[in-house]
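User: Could you take a close look at one part of this protein for me? I would like to follow how its inside is packed and what lies around that part.

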Amino acid sequence: MKYHIWTEGCQMNVADSQRVGSALEHLGYSLTPAAEEADVIVLNTCVVRQSAEDKAAGRLTSFQPLKKKNPKLVINLMGCMVGVRGAEKLKKRFPFVDVFSPPSDPGPLISFLTQGEVRSLEDAETTRRFLAMDDELILPVHERGSLISAHVPVVYGCSHACTYCIIPYRRGIERSRPVGDIVAEVRSLAAQGVKEITLLGQIVDRYGKDIADGPTLAGLLRLIHEVEGIQRIRFLTSHPNYFGEDLLEAIAELPKVMPHIEVPIQAGDDSVLETMRRGYTQADYYRLVEKIRAKIPGCSIATDIIVGFPGETDEQFMQTYKTLSDLRLDVAHLARYSPREGTVSARRMPDDVSAEEKMRRFRLLEELQENIVAEINAHYLGETVQVLFEEKVKNRWKGRTPTNKLVFVESEADLRGKLQAVHITWTGPWSMQATLVQQPLVLAG
Ligand code: SAH
């Protein structure tokens, strides 16, 4: 029995797919990269922008002939295309789909496969029982011995309601996972040889705020820091308003917590930020960046930006441009505004920046950012940095610096999962090349 998974979207979806894979492997399925060979196909979808939704729908439709050929094939549509509010419309649109699963929930698929008669997420009770009883089952184990870096969800859903964003509607309200579950999962991953953990949440720095007497994210980092075998800890995505002193202190103090922070600004203009309902100003964000840099020297910072939000004038856009050129951040994930059905901005604000203008703004930022990051990375030339190696791509080993920069090294040695000092010999905007400072010790016999 074989399963095939197609995953689109954020890191949370990557983590969700790992869990589904793990659950399926417990049921005796093995992974195949070829959809035509599979008995079960899982399509884990994203709808954050129209383009993502179109891609998911296209992919799903491409599986229809496989179902015709093999009626026993089980097709599972999962993730944000399904959402938490039921799948009636989707059932009509895609009648060949057997199971619909909300984000982060392998339950409906497992129920379907194990019980036969359960057909959808309406059977919440089975799902709940499965999840309560067998949490162990869904720990990601399917890449046993091969996973170096694993993602661990710590906050599900989101309650912030930025006016452009569909995520709260599709992933439901914010729910922090109990600290015991998270630590147990991290221990289990460490025991399987995982070296790096990335904690995930739509607003990860709100971790624990919905639990009466649990730790905050800073406290959680301190607990995970104690887990033997874990060498690096990362977390994303942060919201500027919740990035407190205690978190900064934890990052500064804990050597395993990497100096890399993903904290989106979305726009540089105050009135755009207000219409987006982000809850901070450009000046607040500048102060946060200053504080991060004062407390964690050399910290890399990544941001997200949306261009062409409804009503965004050229002048307002130039505030975003100015922000990026002033702050010189390490990464800017750029997006063109895409109205999402049901969100406040789609209902109340006309999508009045033309596609061409959105593209022009996008390209301006893209070019600016490429120059900035090329310059930042050039400072690494000749430096010695620690790299955690993950895999060999063609003949080069691929790994990351503490600041999350991609590094390639040519080496005959097996570097998988190794933390090695390297000497940076070449830098570009998107990656660097390096040589090992010392060949790793190869133990004979
Ligand atoms: N929870 C995170 C990430 C949300 S989704 C946060 O609060 O930032 C990832 C990114 O997609 C967002 O940061 C935003 O830049 C972008 N995005 C979200 N909704 C969008 C929309 N309607 N149109 C274009 N980009 C969008």
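**The core and its neighbours**

In this predicted model, the largest nonpolar core has 67 residues, and Val 154, Leu 199, Leu 217, Leu 221 and Phe 235 touch the most other members. Such a core is a set of buried Ala, Val, Leu, Ile, Met, Phe, Trp, Tyr and Cys residues joined through side-chain atoms within 4.5 Å, where buried means under 20% relative accessible area (1.4 Å probe, protein chains only). Both domain 2 (134-258) and domain 3 (260-378) give residues to this core, so it lies between them; the bounds come from an automatic or database domain assignment.

Leu 221 is in contact (heavy atoms within 4.5 Å) with Leu 199, Ile 233, Phe 235, Leu 247, Ala 250, Leu 254 and Val 257, leaving out residues up to four places away in sequence. A second, separate core of 24 residues includes Ala 35, Cys 80, Leu 90 and Phe 100.

Now let's turn to domain 4 (384-436). Here, 10 residues of domain 2 are in contact with 12 residues of domain 4. The two bury about 840 Å² between them, with 53% from carbon and sulfur atoms; this is the accessible area (1.4 Å probe) lost on being put together, summed over both. Ile 148, Arg 232 and Arg 234 supply 59% of what domain 2 buries there, more than any other three residues.

A word on the numbering and limits: residues are numbered from 1 along each chain as its sequence is written, and side-chain values use heavy atoms, without hydrogens and water. As the model is predicted, local features need pLDDT of at least 70 and side-chain atom pairs count only at pLDDT 80 or more, while totals for chains, interfaces and linings use all residues.

Conventions: Buried means under 20% relative accessible area, exposed over 50%, partly exposed in between (1.4 Å probe, protein chains only).
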